[in-house]
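I am keeping these notes as I look through a structure for the first time. I want to write down what I looked up and what I found, one topic at a time.

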Amino acid sequence: MTHPPAGPGDGAAPRAGVPADESAQRLVPLRAATSKEVSTSESAPLPAESAPSDQQTFAELYEDRLRDIWRAVHGTTPDAVVGADAEGWLLVRDAVFAAGFLSTLTEAVLRRSMESAAGDEPLDGDADIVELQVASVTENMPEAMLERFMRGPLAATVERLERQGATREQVADIILRPLRRVVGRPGATVLSMHLLGYVQAQRNRTLAYYLTVAIIADMLGESADPESSVASVIAYHCAVRGVWRLVAEDEVRFEGRARRFVSTNTTNLATEMWKLIEAVQLGGEPGEAQHNVVRNLKTIAAVTKEAPAVEDGDATTLLEALGVPASPPQAALAVIRTIGIGVADLWSDDLLDQARLLSTGAVAAATMDEADRMPAAFFNAGVTLLQSPQRESAPVIWARMVLNLLGMRWALAEDDALEAFIAGDGLDCAVNLLGSAVEHRRHVRDRPMPPEVLTVAGLVLGLQAVMPDRPQNRLKLSRISGSGRILEIAPLRFTDPRQLAAAVEAALTTLRVTTGGTWQDDAGALLDTARTVRWTFEDLLDRPTWPLAARLTELVAMRADAGKVFLEVYAEYAQPYDDPYGTGPLVRARMLPTRQWGERCARLLGTVPDSMVGALRSFSI
């Protein structure tokens, strides 16, 4: 969880920062349920972004079973009752959870299943009960036991359920529970391939069915193998095209879960497409056809993204602070977050416009409970400015300092601030802050380095003494040390993350004031961040207008008929209607000819196992 950092008016004391060498690689991020963003240092390709397709938690499954019991007793669903009856349902539900029955059940199921993991006895109950048990068990089961469990009790259970008529979707949902514990491992990828073929035999294809297919696509996308990435694209396309047909045939209304499904999985499809594009280009520039496909997918995602639960007044104030007046304000924030977190050069060739989009997207992400994305977005914005032909000019160097300090501000707002800062993107922002300080020393003669920035630098040098020795940190530490030598500063004793957070706030204040900006000490951290972003680009970098704002306004207007936009834009990949696989995004991106697309889809989706038992019996992580 991320807490808003101290705002400029919260009594933050001054500190400082250290520069770094500017030549690191920006890694393509991992998908997270959160989402898919990782970083290293400066100058490299920007990653796409995605969110995981939802699979219910154990607690949610348990609540569903309570709902079934309520329906059996009262003859109606809890959602349909009102007044005293509704209160009755809430009392029952809350009492069951609060009394510890949930944890008691979890422990009992875990105990029983661990005892049976070494054997071959199937779990009891129907498919829903089995999924409930497996969801609980696999949350805590050691990996070695997990493999035995899948080969033994789970395989036996699947054999029983298949014989008793469980749907392939139900079987897949059960297997995906433990499989997600080892996502990205070779065995998980192989089993996911089997699952994708296995579910193709199911004729009854609902929204829930396509959600299962999307989760399989998630699994395939975590593998480092390019072939698995192609399989992930095919699986996402299969899922999105399936829902496209349900909506086109009026079998599903385009609202609620259907709309969320489309937004999430067009985002994920765009992410996998971008990974493939980067792999194919091998350092070259993506072509216009490839950009068009990813841009179309992100357009659908932006138009269908659920708006944040922010009050009208707060959303309007934030947008005005960002310099992006748009209405309705919540819809505008949803659009900005969707296209602002990811590949900015889809929307503009201008590097300053791209950096502003990334920075603006960071602020919008915070309104959607995604403040943990902010450090990576500010990091990417700084990397983008690093590629500018004016990179050695004072305004660009100072702007990079500001953006990396903003990334550090939000990285230090995490619950476990020090670990989150070191393991996440905060340390990368610190590396690049030091790099910009080195550039300031080399190229800026008319303005002295703010001492508060050097204080942050000294504390980052001091942070090395308490950092764990991890392979992924060694190159960063080397850059930090190298920057410290160039700047001729000594490490300061690091005592607490709050010490560094206070130093960051002081450095931001000084950079604003000494470059002609104003500072309002009554602003909260998020509003202050929004004002700082706008000031950085409009005043410090002398870009009073932002052409992309008009494009954002167009996308907000398109949300009025989001279902129509989805049907029209995705038709390019879903058609021909009677073709089993459609044209496909890889064909439109000119990455596969039509014949090869059909062959790859047929090989992947046309190989339909009769049962999953054999694949489970031979499973190896």
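Before comparing helices I needed to know what an axis is: a line fitted to C-alpha atoms, for helices over the stretch in contact, with angles running from 0 to 180 degrees between N-to-C directions. I also note at the start that this is a predicted model.

**Entry 1: H18 and H20**

I looked up helix H18 (residues 426-443) and helix H20 (residues 471-487), and found that their axes come within 9 Å and cross at roughly 25 degrees. Angles under 35 degrees count as roughly parallel, and that makes H18 roughly parallel to H20. The crossing of H18 and H20 is left-handed. On the H18 side I listed Leu-427, Asp-428, Val-431, Leu-434, Gly-435, Ala-437, Val-438, Arg-441 and Arg-442 as the residues that make the contact, and on the H20 side Asn-473, Lys-476, Arg-479, Ile-480, Ser-483, Ile-486 and Leu-487. When I sorted the residues of the contact between H18 and H20 by class, I had eight nonpolar, three polar and five charged.

**Entry 2: H16 and H18**

I then turned to another partner of H18, helix H16 (residues 394-411), and found that the axes of H16 and H18 come within 8 Å and cross at roughly 160 degrees. Since angles over 145 degrees count as roughly antiparallel, H16 and H18 are roughly antiparallel to each other. The crossing of H16 and H18 is left-handed. The contact is made on the H16 side by residues including Ile-397, Trp-398, Met-401 and Leu-405, and on the H18 side by residues including Cys-429, Ala-430, Leu-433 and His-440. The residues of the contact of H16 with H18 come out as 10 nonpolar, eight polar and two charged. I noted that Gly-435 and Ala-437 of H18 are listed for the contact with H16, and that Gly-435 and Ala-437 are listed for the contact with H20 as well.

**Entry 3: H7 and H8**

Which way do H7 and H8 run relative to each other, roughly parallel or roughly antiparallel? I found that the axes of helix H7 (residues 186-199) and helix H8 (residues 207-221) come within 9 Å and cross at roughly 155 degrees, and H7 and H8 are therefore roughly antiparallel to each other. Their crossing is left-handed. From H7 the contact takes Ala-188, Thr-189, Ser-192, Met-193, Leu-195, Leu-196 and Val-199, while H8 gives Tyr-209, Val-213, Ile-216, Met-219 and Leu-220. By class, I wrote down 10 nonpolar and two polar residues for the contact of H7 with H8, and no charged ones.

**Entry 4: the whole chain**

I stepped back to the protein chain, which has 27 helices and zero strands. Buried residues make up 59% of its 621 residues. I also looked at contacts between residues at least 6 apart in sequence, and 76% of them join residues at least 24 apart. The chain exposes about 24800 Å², of which carbon and sulfur atoms supply 51%.

**Entry 5: Ala-270**

Is Ala-270 buried or exposed? I found Ala-270 in helix H10 (residues 256-281), and it counts as buried because its relative accessibility is 2%, where buried means under 20%. Leaving aside neighbours within four places in sequence, Ala-270 is in contact with Val-294, Leu-297 and Lys-298. I also looked up Pro-585, which is 315 residues from Ala-270 in sequence, yet 9.4 Å from it in space, C-alpha to C-alpha.

**Entry 6: backbone details**

Most residues other than glycine have a negative phi, and most peptide bonds are trans. With that in mind, I noted a cis peptide bond between Ser-327 and Pro-328, with omega about -5 degrees; Pro-328 is in the loop between helix H12 (312-322) and helix H13 (329-340). A cis peptide bond also joins Gln-575 and Pro-576, with omega about -5 degrees, and Pro-576 is in the loop between helix H24 (562-574) and helix H25 (585-588).

For positive phi, I noted Glu-488, with a phi near 60 degrees, in the loop between H20 and helix H21 (497-514). Glu-488 is exposed, with a relative accessible area of 61%. Arg-590 also has a phi near 60 degrees and is found in the loop between H25 and helix H26 (594-605). At 73% relative accessibility, Arg-590 counts as exposed.

Methods: Residues are numbered from 1 along each chain as its sequence is written. This is a predicted model: local features need pLDDT of at least 70, side-chain atom pairs count only at pLDDT 80 or more; totals for chains, interfaces and linings use all residues. Side-chain values use heavy atoms; hydrogens and water are left out. Helices (H or I, at least four residues) and strands (E, at least two) are DSSP runs, numbered from the N terminus. Angles under 35 degrees count as roughly parallel, over 145 as roughly antiparallel, 65 to 115 as roughly perpendicular and the rest as oblique. A crossing is left-handed if the near helix is turned anticlockwise from the far one by less than a right angle, and right-handed if clockwise. Contact means heavy atoms within 4.5 Å. Ala, Val, Leu, Ile, Met, Phe, Trp, Tyr, Cys and Pro count as nonpolar, Asp, Glu, Lys and Arg as charged, and the others, Gly among them, as polar. Buried means under 20% relative accessible area, exposed over 50%, partly exposed in between (1.4 Å probe, protein chains only). Accessible areas come from the Shrake-Rupley method with a 1.4 Å probe; for residues, only the protein chains shown count as cover.
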